[in-house]
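This report is meant for a reader who is seeing the structure for the first time. Please look over the sequence and the model below before reading on.

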Amino acid sequence: MSATADHAEERTNPAARLGFQPGQVVQEIGYDDDVDQELREAIEEAIEGDLMDEDYDDVADAVVLWFRDDDGDLTDALVDATTYIEEGGAILLLTPKTGRPGYVEPSDISEAATTAGLTASKSVSVGKDWSGSRLATPKGAAKKR
């Protein structure tokens with residue numbers, strides 16, 4: 001594959017754009033029948049493996065968190081998600097786009113991320129109905145692995 005093709009894939013594959021890499025362990029939280037199956041498949045293709053479900057009990061490199069406005073407290077969900085990932089790991093927070101059922105205000109995402117001790121990046125479109133925010137955990141001392 002040419003370098004141009006690699007860059008084209010990064011633009012068209014949202015999982016590649018979001019930084020998922022082969023070999024990563026990614027835990028998925030908040031799965032329901034409304035999630036974007038194409039995005040899930042793209043992430044699995046990028047990591048060359050399956051997404052781990054909510055019952056996974058080891059440390060992950062990243063968490064995919066599907067969250068809707070009526071799912072409860074976003075800050076609590078983010079704090080809980082940070083317990084599953086390595087220091088310096090990322091949470092991909094996926095929320096319904098504007099006008100879709102379960103839409104979450106960007107200001108609510110920003111406030112919840114800050115309260116949970118996470119650094120938010122700008123929101124990106126990751127599918128027809130979902131927006132994604134990549135939230136980074138603070139980089140602390142050396143990794144546990």
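## A right-handed unit in a predicted model

The elements β2, α4 and β3 make a right-handed β-α-β unit, where right-handed means that, with the strands pointing away from the viewer, the path from the first strand over the helix to the second runs clockwise. Helices (H or I, at least four residues) and strands (E, at least two) are DSSP runs, numbered from the N terminus. Within this unit, β2 and β3 run parallel and are joined by six bridges, and Leu-65 stands opposite Leu-93 in β3.

This is a predicted model, in which local features need pLDDT of at least 70 and side-chain atom pairs count only at pLDDT 80 or more, while totals for chains, interfaces and linings use all residues. Residues are numbered from 1 along each chain as its sequence is written, and side-chain values use heavy atoms, with hydrogens and water left out.

## The sheet as a whole

Five strands form an open sheet with mixed pairing, and their order is β1-β2-β3-β5-β4; two strands count as paired if DSSP finds at least two bridges between them. The edge strands are β1 and β4 (119–125), each of which pairs on one side only. From one strand to the next, the twist averages 20 degrees, with axes taken as lines fitted to C-alpha atoms, for helices over the stretch in contact, and angles running from 0 to 180 degrees between N-to-C directions. Helix α3 packs on the sheet and touches β1, β2 and β3, and its direction makes about 175 degrees with that of β2; contact here means heavy atoms within 4.5 Å.

Strand β2 is mostly covered, since seven of its seven residues are buried, where buried means under 20% relative accessible area, exposed over 50% and partly exposed in between, with a 1.4 Å probe and protein chains only. The strands β4 and β5, by contrast, pair in the antiparallel sense over five bridges, and the bridge partner of Val-124 in β5 is Gly-132.

## Salt bridges

How many salt bridges does a search of the whole structure find? The search finds four, a salt bridge being a side-chain nitrogen of Lys or Arg within 4 Å of a carboxyl oxygen of Asp or Glu. Side chains of opposite charge can pair when their charged atoms come close. One of these salt bridges brings together the side chains of Arg-40 and Glu-28, at 2.7 Å from N to O. This pair links distant parts of the chain, with Arg-40 in helix α3 (residues 37–47) and Glu-28 in strand β1 (residues 26–29), 12 residues apart. Arg-40 counts as buried at 15% relative accessibility, and Glu-28 counts as buried at 6%.

Another salt bridge joins Asp-34 to Arg-68, with the closest N and O atoms 2.8 Å apart. Asp-34 lies in the loop between β1 and α3, and Arg-68 in the loop between β2 (60–66) and α4 (74–82), so the pair ties together parts that are 34 residues apart in sequence. Asp-34 is partly exposed at 34% relative accessibility, whereas Arg-68 is buried at 8%. Arg-68 also forms a salt bridge with Asp-71, the closest N and O atoms being 2.9 Å apart, and Asp-71 is partly exposed, with a relative accessible area of 38%. Through salt bridges that share partners, Asp-34, Arg-68 and Asp-71 are joined into one network.

Lys-97 is found in the loop between β3 (85–96) and α5 (106–115), and it is buried, with a relative accessible area of 18%. Its side chain reaches the backbone oxygen of Gly-127 at 2.7 Å. Leaving aside neighbours within four places in sequence, Lys-97 is in contact with residues including Tyr-103, Asp-129, Trp-130 and Ser-131. The C-alpha atoms of Lys-97 and Val-126, 29 residues apart along the chain, are separated by 9.7 Å.

Ser-131 has its place in strand β5 (residues 130–136) and is buried, with a relative accessible area of 15%. Beyond its neighbours within four places in sequence, Ser-131 is in contact with Leu-93, Leu-94, Thr-95, Lys-97, Ser-123, Val-124 and Val-126.

Terms used: A polar contact is a pair of N or O atoms within 3.5 Å; within protein, one must be able to donate a hydrogen and the other to accept it, and residues adjacent in sequence count only if both atoms are side-chain atoms.
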